[in-house]
There are 2 protein chains.
Amino acid sequence: MKRIRLTVAYDGTNYCGWQLQPNGLTIEEVLNRELSQLLGEEIQVVGASRTDSGVHALGNVAVFDTETRIPAEKISFAMNTRLPEDIRIIASEEVAPDFHPRHCNSVKTYEYRIWNHTFANPKERLYSKFCYYELNTERMQKAADYLIGTHDFASFCSSGSQATTTVRTITGLTVERDPEDPRIVLIRVRGTGFLYNMVRIIAGTLMEIGMGLRKTDDMKRILDACDRSQAGPTAEPQGLTLVKILFLDDDDDNDQRAD
Amino acid sequence: MKRIRLTVAYDGTNYCGWQLQPNGLTIEEVLNRELSQLLGEEIQVVGASRTDSGVHALGNVAVFDTETRIPAEKISFAMNTRLPEDIRIIASEEVAPDFHPRHCNSVKTYEYRIWNHTFANPKERLYSKFCYYELNTERMQKAADYLIGTHDFASFCSSGSQATTTVRTITGLTVERDPEDPRIVLIRVRGTGFLYNMVRIIAGTLMEIGMGLRKTDDMKRILDACDRSQAGPTAEPQGLTLVKILFLDDDDDNDQRAD
């Protein structure tokens with residue numbers, strides 16, 4: 001028996017999120033089905049991040065146990081010949097038998113993408129939030145700075161969360177226009193853990209500040225309130241991508257894996 | 001009676017190209033239908049570029065004649081509330097009654113996008129060509145330089161073309177990696193006119209040179225041969241986007257329109 005870790009990229013458009021559910025196709029379901037067929041045994045993956053319906057990933061992570069004699073590194077290639085084109089295995093490798101993707105120290109990087117222009121761009125509609133009003137990214141960055149560090153993020157957590165604490169640590173949060181195309185605004189967040197919908201609520205609140213509907217230092221007041229109703233709306237899922245997960249206890253540097 | 005010019009952006013994924021055809025939905029068909037319903041008269045648009053199935057546009061152009069009293073500038077907004085999300089009207093304006101988008105001097109800009117990495121990226125699959133082998137963009141640029149200027153491009157024209165001459169002028173042709181993400185290779189072509197599949201055959205030939213399957217100066221030999229069988233394959237449609245069309249006889253500078 002060995003434990004295999006997969007790095008998984010997907011276009012979430014046509015899936016009801018990561019986690020198995022009765023009413024629609026999920027990433028987890030497709031991985032379980034194709035791995036079970038490939039390896040000839042019943043496989044159940046455990047995911048690092050149970051992304052929501054419509055959210056994308058370049059480097060989500062899943063682990064599973066198997067008796068297979070196929071070398072771990074070959075599983076990615078074998079799987080990619082079977083999977084639909086909107087799911088790709090970027091890497092597969094053997095890990096320690098006790099490695100659990102949600103119970104170990106990691107840093108996750110998310111990106112929220114906004115198409116900020118007078119007209120929507122058809123090619124961007126599945127991968128960004130369209131915002132007609134011009135966003136002031138300097139104001140957004142000033143507001144974002146209040147969130148960096150360890151705080152109680154209860155204001156940025158949707159109900160339905162099973163978290164025992166709402167304290168989390170954000171280690172990086174930037175708001176920038178793409179230098180190659182200034183109509184694209186990118187919010188990049190890095191942290192050791194995130195609450196349910198946390199990145200999307202942060203994005204929704206930053207957009208209200210960028211449009212001038214709220215003041216920059218409202219962000220501090222919202223954070224201190226520990227009350228979801230004080231923050232802005234949950235930004236739409238299609239703008240969000242889980243870019244990568246860095247496992248801090250890994251022997252080797254796997255920072256390149258999801259790039 | 002007045003003549004209206006539309007600047008049209010679309011995601012070509014779900015369409016059988018621009019031009020009306022019996023066997024599938026086209027951009028032209030959707031525009032005719034929605035304009036006719038909006039304006040209450042039978043409208044037939046004339047397009048500047050009849051893009052192929054799966055090809056995208058940020059700034060294709062269509063004109064039509066109408067008796068409407070709706071101000072020309074408002075038609076874009078009215079249309080965008082009716083059109084599916086994968087087609088957007090970026091601008092609408094009145095033009096001279098004799099303006100014809102294919103019979104006047106213009107410069108077209110196309111972009112061909114390649115995702116050049118060991119693994120395919122699910123979010124890029126509808127908007128780029130996946131290339132596993134590392135492309136040498138310096139070799140590609142050297143080969144591309146042979147094509148700049150006025151030449152007989154018969155080697156880069158698919159059969160089925162109705163063109164009376166295969167002489168065309170390319171005014172700019174660059175091959176670069178995206179500085180923000182070097183896994184993306186962008187081929188940008190600018191010219192006063194293009195033959196059927198010309199940009200995609202140029203892209204397919206440049207990719208073979210970038211992979212080392214052909215020498216850089218093969219491009220000159222292929223050009224001189226005036227024989228389609230000498231060039232590389234027609235690169236897949238989803239990598240191609242018609243970025244903009246600049247009409248040289250326009251009174252005002254419309255260079256911004258499709259940006």
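In chain A, helix H1(A) contributes Leu31(A), Glu34(A), Leu35(A), Gln37(A) and Leu38(A) to a contact with Ile75(A), Ala78(A), Met79(A) and Arg82(A) of helix H2(A). Sorted by class, the residues of this contact are six nonpolar, one polar and two charged. The model is a predicted one.

**Helices H1 and H2 of chain A**

- Helix H1(A) spans residues 27–39 and helix H2(A) spans residues 72–82; the two pack at an angle of about 115 degrees, and their axes lie 10 Å apart.
- That angle makes H1(A) roughly perpendicular to H2(A), a class that takes in angles from 65 to 115 degrees.
- H1(A) and H2(A) cross in a right-handed sense.

**Helices H1 and H2 of chain B**

- In chain B, helix H1 (residues 27–39) packs against helix H2 (residues 72–82) at about 115 degrees, with 10 Å between the axes.
- H1(B) and H2(B) are therefore roughly perpendicular to each other.
- The crossing of H1(B) with H2(B) is right-handed.
- On the H1(B) side the contact consists of Leu31(B), Glu34(B), Leu35(B), Gln37(B) and Leu38(B), and on the H2(B) side of Ile75(B), Ala78(B), Met79(B) and Arg82(B).
- These residues of H1(B) and H2(B) divide into six nonpolar, one polar and two charged.

**Helices H3 and H4 of chain B**

- Helix H3 (residues 137–145) and helix H4 (residues 198–210) of chain B pack at an angle of about 135 degrees, their axes being 8 Å apart.
- H3(B) and H4(B) are therefore oblique to each other.
- The crossing of H3(B) and H4(B) is right-handed.
- Arg139(B), Met140(B), Ala143(B) and Ala144(B) of H3(B) make the contact with Leu206(B), Met207(B), Ile209(B) and Gly210(B) of H4(B).
- By class, the contact of H3(B) with H4(B) comprises six nonpolar residues, one polar and one charged.

**Relation between the chains**

**Arg113(A) and its surroundings**

- Arg113(A) is located in strand E5 of chain A, which covers residues 106–116.
- The side chain of Arg113(A) forms a polar contact with the side chain of Glu124(A), at 2.8 Å.
- Leaving aside residues up to four places away in sequence, Arg113(A) touches Glu124(A), Tyr127(A), Ser128(A), Lys129(A), Ile184(A), Val185(A), Leu186(A) and Gly239(A).
- Arg3(A) stands 110 residues from Arg113(A) in sequence, and the C-alpha atoms of Arg3(A) and Arg113(A) are 34 Å apart in space.

Technical notes: Residues numbered from 1 in each chain as written. Chains lettered and ligands numbered in written order. Predicted model: local features only at pLDDT ≥ 70, side-chain atom pairs only at ≥ 80, totals over all residues. Heavy atoms only, no water. Helix = DSSP H or I, 4+ residues; strand = E, 2+ residues; numbered from the N terminus. Contact = heavy atoms within 4.5 Å. Polar contact = N/O pair within 3.5 Å; in protein donor to acceptor, adjacent residues only side chain to side chain. Axes fitted to C-alpha atoms, helices over the stretch in contact; angles between N-to-C directions. Parallel < 35°, antiparallel > 145°, perpendicular 65-115°, else oblique. Left-handed = near helix turned anticlockwise from the far one by under 90°. Nonpolar A, V, L, I, M, F, W, Y, C, P; charged D, E, K, R; others polar.
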